Amino acid sequence: MTQIKRSAGQSVVASAAYRSGEKLHSEYYGEDSDYTRKGGVVCSEILLPPQEYADRQTLWNAVEKAERGKNAQLAYSFDIALQNEFSMQENIALARQFLLENFVSRGMVVDFAVHQPDKEGGIQNPHFHVLCPIRPVLPDGRWGNKQRREYVLDDEGNRVLDRNGKPMFNAVPTTDWGSPETLEEWREAWCRMVNEKFAKKGLDVRIDHRSYVRQGIDLIPTVHEGPTVRQMEAKGIRTDKGELNRWIKATNRLMLDIKKKIKSLFGWISEVKEELSKPKTPSLADLLISYYQDRNAGAWSQKA
């Protein structure tokens, strides 16, 4: 999850146009963003908008208009992987169910688009993008506040003043949409839904929303490359992220190979210990030595 924000020079209208594969006009920047030639957009929908915001261009221009700050945060952006083991219809239905149960149920307006990039050979990468306004929409259709003031009070319940004589306060979010706890809840919910689908289809595969570290897996995670880097790599242009991921994958292969060899070595040692612990059949030399020792022990003289 990331944020679309003006401080990074981003336009939420352009972001929506790219995800939906449409041509949209930004009133804030006074320019068009045309992605109608973009391939791989399977479907796009807007969930739970007030009637006047059912149109994508109207919705995101309204979001831009509601934010006056030059560094304003405009929308939450989610990129979620779909599964090659499911059909595209199953993936779309699963994505819609997830968004309705976890986002729309919180009163969030959701603009989502499913992508299936054209790819010859290799592993397919179906996924869906989600854009949600950070500012909540009130029941009457007006935009609500992102934050509210929580004044600092003394022991007697009076507001504490700063050095300029103004009341001190903390800015508290009006929703829990941007909290790490909520993001973790969403990640866990998606993981659970996908794994339930795997189990229902009788597939012996599972996904995990936790990091390698939290899973106790001693591997290095690759970095997200994004469409620009992937396009450059596909054209034979080597990039820093591409080089890093190639190094990570090679290192992980080496680590796995070393672990297999160590595991095999420990297995061999275990077999040797087990073999050595078994009673051994005495050799001819052992029998002769034992015989002469017993005979000598019972003899009347050493000479005998």
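Residues are numbered from 1 along each chain as its sequence is written, and side-chain values use heavy atoms, with hydrogens and water left out. Because the model is predicted, local features need pLDDT of at least 70 and side-chain atom pairs count only at pLDDT 80 or more, whereas totals for chains, interfaces and linings use all residues.

Helices (H or I, at least four residues) and strands (E, at least two) are DSSP runs, numbered from the N terminus. An open sheet is formed by 5 strands in the order 1-5-7-6-4, with antiparallel pairing; two strands pair if DSSP finds at least two bridges between them. Strand 1 (2–5) and strand 4 (41–47) stand at the edges with a single partner strand each, so one side of each has no neighbour in the sheet. On average, neighbouring strands of this sheet are turned by 20° against each other, direction ignored; axes are lines fitted to C-alpha atoms, for helices over the stretch in contact, and angles run from 0 to 180 degrees between N-to-C directions. Strand 5 (residues 73–81) and strand 7 (residues 127–133) run antiparallel and are joined by 7 bridges. Within strand 7, Phe-128 stands opposite Ile-80. Helix 3 (residues 88–102) packs on the sheet, where it touches strand 4, strand 5, strand 6 (110–115) and strand 7; contact means heavy atoms within 4.5 Å. The direction of helix 3 makes about 20° with that of strand 4.

Asp-111 lies in strand 6. This residue is buried, with a relative accessible area of 6%; buried means under 20% relative accessible area, exposed over 50%, and partly exposed in between (1.4 Å probe, protein chains only). The side chain of Asp-111 makes polar contacts with the side chains of Arg-56 (2.8 Å) and Trp-60 (2.9 Å). A polar contact is a pair of N or O atoms within 3.5 Å; within protein, one must be able to donate a hydrogen and the other to accept it, and residues adjacent in sequence count only if both atoms are side-chain atoms. Leaving aside neighbours within four places in sequence, the residues in contact with Asp-111 include Ala-16, Glu-45, Ile-46, His-129, Val-130 and Leu-131.

The structure holds 18 salt bridges, each defined as a side-chain nitrogen of Lys or Arg within 4 Å of a carboxyl oxygen of Asp or Glu. One of them is formed by the side chains of Arg-6 and Glu-64 (2.9 Å, N to O). This pair links distant parts of the chain, with Arg-6 in the loop between strand 1 and helix 1 (12–20) and Glu-64 in helix 2 (residues 56–66), 58 residues apart. Both Arg-6 and Glu-64 are buried. A further salt bridge joins the side chains of Arg-106 and Glu-185 (3.4 Å, N to O). Arg-106 lies in the loop between helix 3 and strand 6 and Glu-185 in helix 4 (residues 180–200), so the pair ties together parts that are 79 residues apart in sequence. Arg-106 is partly exposed, at 24% relative accessibility, and Glu-185 is partly exposed at 40%.

The side chains of Arg-148 and Glu-150 also meet in a salt bridge (3.8 Å, N to O). Arg-148 counts as partly exposed at 44% relative accessibility, as does Glu-150 at 40%. Salt bridges that share partners join Glu-233, Arg-238, Glu-243 and Arg-246 into one network. Both Arg-148 and Glu-150 are in contact with Val-172, which lies in strand 9 (residues 169–173). Val-172 and Lys-146 are 26 residues apart in sequence and 8.5 Å apart in space, C-alpha to C-alpha.

In helix 6 (residues 226–234), the buried residues include Gly-226, Val-229 and Glu-233. Seen down the axis of helix 6, the buried residues fall within an arc of 35°, so they line one face of the helix; the arc is that of the directions from the helix axis to the C-beta atoms. An α-helix has 3.6 residues a turn, so residues three or four places apart point the same way. The buried residues of helix 6 pack against helix 7 (240–277), while the face turned away from the buried side carries the exposed residues Thr-228, Gln-231 and Ala-234. Helix 6 is followed by Gly-236, whose phi is positive, near 90°.
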